[in-house]
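Here are my notes on the model you sent over.

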Amino acid sequence: MNNSADIIQSALNPAAVEAAHIARLWWIFFWVTLLIFALVTLALVFAFVRHARDATSEPQIIGEPDARSQSRTAAVVWSLVAMTVAILFALLIIDFFTGNKIYAAPDANALGIKITGHQWWWEIEYQNPQSSEIVATANEIHVPVGKPVKFELQSVDVIHSFWVPNMHGKKDLVPGHPTTTWFAATRAGEFRGQCAEYCGEQHAHMRLVFVAEPAPQFDHWLS
Ligand SMILES: [Cu+2]
């Protein structure tokens, strides 16, 4: 195993199709909101500069704005409101389609891995139709690259949240409510996972190592 500095933990460095969809959504939101922030800042600076320039000239008597400037202001305000609604709606649609893609039904012949959350560690069990072939590890998950993996999640004590940012979003483990998540790693590497739901004093130490490796290497490790 590499030393911990080599282990990657970043939702913006996807190593699975699902994480790639999430990262793309994140970047769309980032660039759209950055552009709007820049435009609003520019408008603000422009208003300040114009006010400062006017303030140095002769004082003016402020009267009722004339009808033309009033209707111009109304047109600007309404078009900005319409643009805001259109942009928010577009982001909503993109978010909806991303959600559809990352929760598409799992492959029928996916590798089954059962994960049990404990205070404060992860119990990992590799499923096999032959019960004598089931193996268990703690805090370390190995998966073959390219093969879909279905994770069966459960907790035996409090609420935990399974999160390997390079692979997929978070999935909560609620006691009494087993759930599933699935993804396929697209490249080999060592990644870090983390419990993402505060679960007691040692929550911050509830980490796991996630190793994606070529199928032959994975088979060798499993055997
Ligand atoms: Cu936890």
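1. No disulfides here: a search of the whole structure finds zero, where a disulfide is a pair of cysteine sulfur atoms within 2.5 Å. As for the cysteines, Cys195 is buried at 1% relative accessibility, and Cys199 is buried too, at 4%. (Buried means under 20% relative accessible area, exposed over 50%, and partly exposed in between, using a 1.4 Å probe and protein chains only.)

2. Some housekeeping. This is a predicted model, so local features need pLDDT of at least 70 and side-chain atom pairs count only at pLDDT 80 or more, while totals for chains, interfaces and linings use all residues. Residues are numbered from 1 along each chain as its sequence is written, and side-chain values use heavy atoms, with hydrogens and water left out.

3. How many aromatic pairs are there? The count comes to 13, taking rings of Phe, Tyr and Trp (its six-membered ring) with centres within 6.5 Å; planes under 30 degrees apart are stacked, over 60 edge-to-face, and the rest tilted. One of them is Tyr126 with Trp221, edge-to-face at 5.4 Å centre to centre and 70° between the planes. This pair links distant parts of the chain, with Tyr126 in strand E2 (residues 121–126) and Trp221 in helix H3 (residues 215–222), 95 residues apart. (Helices, H or I with at least four residues, and strands, E with at least two, are DSSP runs numbered from the N terminus.) Tyr126 is buried at 2% relative accessibility, whereas Trp221 is partly exposed at 29%.

4. Now look at Phe183 and Phe210, a tilted pair at 5.8 Å centre to centre and 50° between the planes. Phe183 sits in strand E8 (residues 179–184) and Phe210 in strand E10 (residues 207–213), 27 residues apart. Phe183 is buried at 3% relative accessible area, and Phe210 is buried at 0%.

5. Which residue lies over the face of Trp163? That is Lys170, at 4.6 Å from the ring centre; the criterion is NZ of Lys or CZ of Arg within 6 Å of the ring centre and within 35 degrees of the ring normal.

6. Finally, the surface. Leu12, Trp26, Trp27, Phe30, Trp31, Leu34 and Phe37 form a nonpolar patch with about 730 Å² of accessible area together. Patch members have over 30% relative accessible area and no salt bridge, and nonpolar side chains (Val, Leu, Ile, Met, Phe, Trp, Tyr) are joined within 5 Å. Leu12 lies in the segment before helix H1 (17–56) and is partly exposed, at 38%.

How values were computed
Patches are made of residues with over 30% relative accessible area and no salt bridge: like charges are joined within 9 Å, nonpolar side chains (Val, Leu, Ile, Met, Phe, Trp, Tyr) within 5 Å. Accessible areas come from the Shrake-Rupley method with a 1.4 Å probe; for residues, only the protein chains shown count as cover. A salt bridge is a side-chain nitrogen of Lys or Arg within 4 Å of a carboxyl oxygen of Asp or Glu.
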